[in-house]
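Hi,

Here is the structure I promised to pass on. Have a look at it first, and then read my notes on what turned up.

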Amino acid sequence: MKTAVYPGSFDPITCGHLDIIRRASRQFDHIIIAVLNNTSKKPMFTAEERVKLIKKSIADLPNCSAEAFDGLLVDFVRAKNSRTVIKGLRALSDFEYEFQMALFNKKMEPDIETLFMVTDANASYISSSIVKEIASLDGDFRDLVPEEIYDDVKLKMKEGR
Ligand code: PNS
């Protein structure tokens with residue numbers, strides 16, 4: 001069984017992430033969406049909440065699952081018997097950081113490949129940070145996140161105010 005891991009902060013999952021997950025799910029038997037637990041970024045949602053939001057968003061994708069991870073990504077990928085990391089690229093600005101991470105991961109674990117997928121043009125401007133900013137300013141972010149989680153994000157913003 002070919003399993004790929006799609007890692008990230010997912011704070012929260014966006015339509016851009018979901019587009020990558022959907023397309024990747026057609027190329028692999030199983031996609032594990034891996035949510036980084038101990039991130040240096042101060043997340044708005046706990047890892048548990050982020051996993052929950054992802055699970056809601058992928059309910060119609062039977063070969064996708066989501067879980068939190070700590071530590072090195074390559075260790076998680078190996079523990080899952082996978083050799084593939086999927087990353088989405090939105091623009092040239094993503095490339096330098098992603099390239100550096102891919103090279104580090106390759107150095108630590110040469111058998112693990114990073115595959116880059118180009119984000120859908122309609123989602124190329126979406127990021128979790130933009131979603132949080134627009135939501136916190138009471139703007140309309142309905143088209144930016146999976147519809148299943150819109151109310152959860154809205155509620156979290158209200159609680160945070
Ligand atoms: O959505 P993000 O914040 O760009 O995701 C970054 C992520 C989670 C993919 C990256 O920080 C990561 O893999 N962290 C785990 C720790 C690790 O393995 N670091 C070495 C990679 S160079």
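The lining of the largest cavity divides into 5 nonpolar, 2 polar and 2 charged residues (Ala, Val, Leu, Ile, Met, Phe, Trp, Tyr, Cys and Pro count as nonpolar, Asp, Glu, Lys and Arg as charged, and the others, Gly among them, as polar). Those residues are P7, L73, V85, K87, E98, M101, A102, N105 and T114. Helix α4 gives the most, with 4 residues, and β4 also supplies at least two. The volume of this cavity is about 50 Å³, and a search of the whole structure finds 1 cavity of 30 Å³ or more.

Some background before I go on: this is a predicted model, where local features need pLDDT of at least 70 and side-chain atom pairs count only at pLDDT 80 or more, while totals for chains, interfaces and linings use all residues. Residues are numbered from 1 along each chain as its sequence is written, and side-chain values use heavy atoms, with hydrogens and water left out.

On terms, cavities and pockets are found on a 1 Å grid over the protein atoms alone: a cavity is a set of points where a 1.4 Å probe fits but cannot get out, a pocket is an open set with protein on both sides within 12 Å along at least five of seven lines, and lining residues have an atom within 4 Å of a point. Points are joined across faces, edges and corners, and a volume is the space filled by probe spheres set on them. Helices (H or I, at least four residues) and strands (E, at least two) are DSSP runs, numbered from the N terminus.

The largest pocket holds about 1,000 Å³ of space. It has 38 lining residues, and G8, S9, K41, K87 and E98 are the closest to its centre. Here too α4 provides the largest share of the lining, 7 residues. By class, this lining has 15 nonpolar, 14 polar and 9 charged residues.

The second largest pocket has a volume of about 180 Å³.

What about charge pairs? There are 11 salt bridges in the whole structure (a side-chain nitrogen of Lys or Arg within 4 Å of a carboxyl oxygen of Asp or Glu). E98 and K87, which both turned up in the cavity lining, meet in one of them, at 2.9 Å from N to O. This pair links distant parts of the chain, with E98 in helix α4 and K87 in strand β4, 11 residues apart. E98 is buried at 10% relative accessible area, and K87 is buried at 13% (buried means under 20%, exposed over 50%, partly exposed in between, with a 1.4 Å probe and protein chains only).

Another salt bridge joins K132 and D11, with the closest N and O atoms 2.9 Å apart. K132 sits in helix α5 and D11 in the loop between β1 and α1, so this pair ties together parts that are 121 residues apart in sequence. K132 is partly exposed at 21% relative accessibility, whereas D11 is buried at 5%.

R23 and D19 pair up as well, at 2.7 Å between the closest N and O atoms. They are 4 residues apart in helix α1, about one helical turn.

Cheers
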